[in-house]
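Hi everyone, thanks for coming. I'd like to walk you through one structure today, so let me put it up on the screen.

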Amino acid sequence: MSKTLVLLVTGSVGLTVWAATPFPLIDLRNPAVIAALFTELVSAEVRYSGASLGYQIGSVLGGGLAPTVAAALYANWGSSAPISLYLTAVTLLSLLCVVAITRKVRAAA
């Protein structure tokens, strides 16, 4: 299997998993649903701080750390394959977190 084909298959699988998560929430036509998911994870006393902390940590780790890690992986290995593995691992971790969050919210309901 060529590297291009592996990249396309990996990207397609990742997008499929990603699309299966937020779009059912979007179809509810209620913009507060996604925000409500995060706010339900913490108690009312610290709800705004808890939701904000989740958003901020996510943007720092996802938006700030990922390019640095990718550059270091490429510099060390001279190939983009480790970057693909890193992104795959991060997306799988994200998927596990979504599953865990969903279970916690369902258990609380």
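Predicted model: local features only at pLDDT ≥ 70, side-chain atom pairs only at ≥ 80, totals over all residues.

Before I point at anything, a word on naming: helices here are DSSP runs of H or I with at least four residues, numbered from the N terminus.

Let's start with the overall picture. How many helices and strands does the protein chain have? There are 5 helices and 0 strands, and reading along the sequence gives the pattern α-α-α-α-α. Of the 109 residues in the protein chain, 7% count as buried. The accessible surface of the protein chain is about 8,400 Å², and carbon and sulfur atoms account for 72% of that.

How far should we trust it? The average pLDDT of the protein chain is 76, with 74% of the residues scoring at least 70. Confidence is lowest in helix α2, residues 23-26, where the mean is 62, and highest in α4, where the mean is 84.

Helix α4 covers residues 47-77, and its 31 residues should span 45 Å at 1.5 Å a residue; the C-alpha atoms at its ends are 43 Å apart, which agrees. Where is the kink in α4? Look at Leu65: there is a kink of about 40 degrees there, shortly before the proline Pro67. Ala51, Ala66 and Ala70 are buried residues of α4. Just after α4 comes Gly78, with a positive phi of about 70 degrees.

Now over to α5, where you'll find Val90.

Leu92 belongs to a nonpolar surface patch of about 520 Å², together with Leu5, Val9, Val13, Val17, Leu95 and Val99. The elements giving two or more residues to this patch are α1, residues 3-20, and α5, residues 81-108. Which element gives the largest share? That is α1, with 4 residues.

As a reminder for reading these helices, an α-helix has 3.6 residues a turn, so residues three or four places apart point the same way.

That's my tour, and I'm happy to take questions.

Methods
Residues numbered from 1 in each chain as written. Heavy atoms only, no water. Patch = residues over 30% accessible without salt bridge, like charges linked within 9 Å, V, L, I, M, F, W, Y side chains within 5 Å. Areas by Shrake-Rupley, 256 points an atom, 1.4 Å probe, with all protein chains shown as cover. Salt bridge = Lys/Arg side-chain N within 4 Å of Asp/Glu carboxyl O. Buried < 20%, exposed > 50% of the residue type's maximum accessible area, 1.4 Å probe, protein only. Expected span 1.5 Å × (residues − 1). Bend = angle between axes of the 7 residues up to and from the residue. pLDDT = per-residue confidence, 0-100.
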